[in-house]
Amino acid sequence: MNVSNRKIIRRLSIASFKAAKIRNIITVAAIALTTILFTVLFTVGMSMKHGFEQSNFRQVGGYSHGGFKYLTKEQFDELKDDPLIKEYGNRIFCGMPEKEPFHKSHVEVSYCDENTAKWMFLEPIEGRLPKEGTNEAATDLRVLSLLGVEPVIGNEFTMTFLVDSLRCCSLWA
């Protein structure tokens, strides 16, 4: 608004600010603390949401958008070429060891490619994924300790397991 006595209004405003210094400082602090509160609240909320999602992904076994189980090789080849599937991975469940020392531990022996290893949280922390056509294997420290093998990259171990009669391919989209 245009006011003819602008200088007087400005002087009154400055005098009012000077007279209520503590009130103004408290107001600014309250605004800053409220801003920080909402920022922290949303950050913690988003972190909790992300944590719940990761927990659910790990319970399900991966974070791909979908999966097909018990496919034949022909069905797998047909589906992987579908234009709606952008990326795919393959996991072949081979079997489970049933003899000592695995009686009380759930251990699976599987083949999976690089995409599936990423989507199923199976990427190694140290070393690399095994190469195809070799006798290499990737496992966790728990399995190595059950086998009594020192956890050093390159160590050899032997594992006996029953091969599942229903070998299957899985497609992860």
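**Entry 1**

I began with D77, which forms a salt bridge with K73, the closest N and O atoms being 3.5 Å apart. I count a salt bridge when a side-chain nitrogen of Lys or Arg lies within 4 Å of a carboxyl oxygen of Asp or Glu. This is a predicted model, where local features need pLDDT of at least 70 and side-chain atom pairs count only at pLDDT 80 or more, while totals for chains, interfaces and linings use all residues. Residues are numbered from 1 along each chain as its sequence is written, and side-chain values use heavy atoms, with hydrogens and water left out.

I then checked where the two partners sit. D77 and K73 both lie in helix α3, 4 residues apart, which is about one turn of the helix. Helices (H or I, at least four residues) and strands (E, at least two) are DSSP runs, numbered from the N terminus. D77 counts as partly exposed at 25% relative accessibility, and K73 is partly exposed as well, with a relative accessible area of 45%. For these labels, buried means under 20% relative accessible area, exposed means over 50%, and partly exposed is in between (1.4 Å probe, protein chains only).

**Entry 2: the other salt bridges**

How many salt bridges does the structure hold? I found 5. One of them joins the side chains of K80 and D77, at 3.7 Å from N to O. K80 and D77 are 3 residues apart in helix α3, so about one helical turn separates them. K80 counts as partly exposed, at 23% relative accessibility.

I also looked up R128, which forms a salt bridge with E136; their closest N and O atoms are 2.9 Å apart. R128 is partly exposed at 44% relative accessibility, and E136 is partly exposed at 35%. Which residues do shared partners join into one network? They are K73, D77 and K80. As a reminder to myself, side chains of opposite charge can pair when their charged atoms come close.

**Entry 3: aromatic rings**

Next I searched the whole structure for aromatic pairs and noted 3. The rings of F57 and Y63 have centres 6.2 Å apart and planes at 45°, so I call the pair tilted. My cut-offs: rings of Phe, Tyr and Trp (its six-membered ring) pair if their centres lie within 6.5 Å; planes under 30 degrees apart count as stacked, over 60 as edge-to-face and the rest as tilted. F57 is partly exposed, with a relative accessible area of 29%, and Y63 is partly exposed at 31%.

The rings of F76 and Y88 have centres 5.9 Å apart and planes at 75°, so this pair is edge-to-face. F76 lies in helix α3 (residues 73-80) and Y88 in the loop between α3 and β2 (90-96), so the pair ties together parts that are 12 residues apart in sequence. Is F76 buried or exposed? At 3% relative accessibility, F76 counts as buried, whereas Y88 is partly exposed, with a relative accessible area of 31%. I also noted that ring pairs link F57, Y63 and F121 into a cluster.

**Entry 4: a nonpolar patch**

Then I turned to the surface. L33, I36, V40, V44, M48 and F52 form a nonpolar patch there, with about 600 Å² of accessible area together. Patches are made of residues with over 30% relative accessible area and no salt bridge; like charges are joined within 9 Å, and nonpolar side chains (Val, Leu, Ile, Met, Phe, Trp, Tyr) within 5 Å. Accessible areas come from the Shrake-Rupley method with a 1.4 Å probe; for residues, only the protein chains shown count as cover. I located L33 in helix α2 (residues 21-60), and L33 counts as exposed at 58% relative accessibility.

**Entry 5: the whole chain**

Last, I stepped back. I counted 5 helices and 5 strands in the protein chain, and along the sequence they follow the pattern α-α-β-α-β-β-α-α-β-β. The C-alpha trace spans about 95 × 45 × 25 Å along its principal axes. The chain has a radius of gyration of 31 Å, while a compact globule of 173 residues would have one near 16 Å. That radius is taken over C-alpha atoms, and the globule rule is 2.2 Å times the number of residues to the power 0.38.

Of the 173 residues, 19% count as buried. The protein chain exposes about 14100 Å², and carbon and sulfur atoms supply 59% of it.
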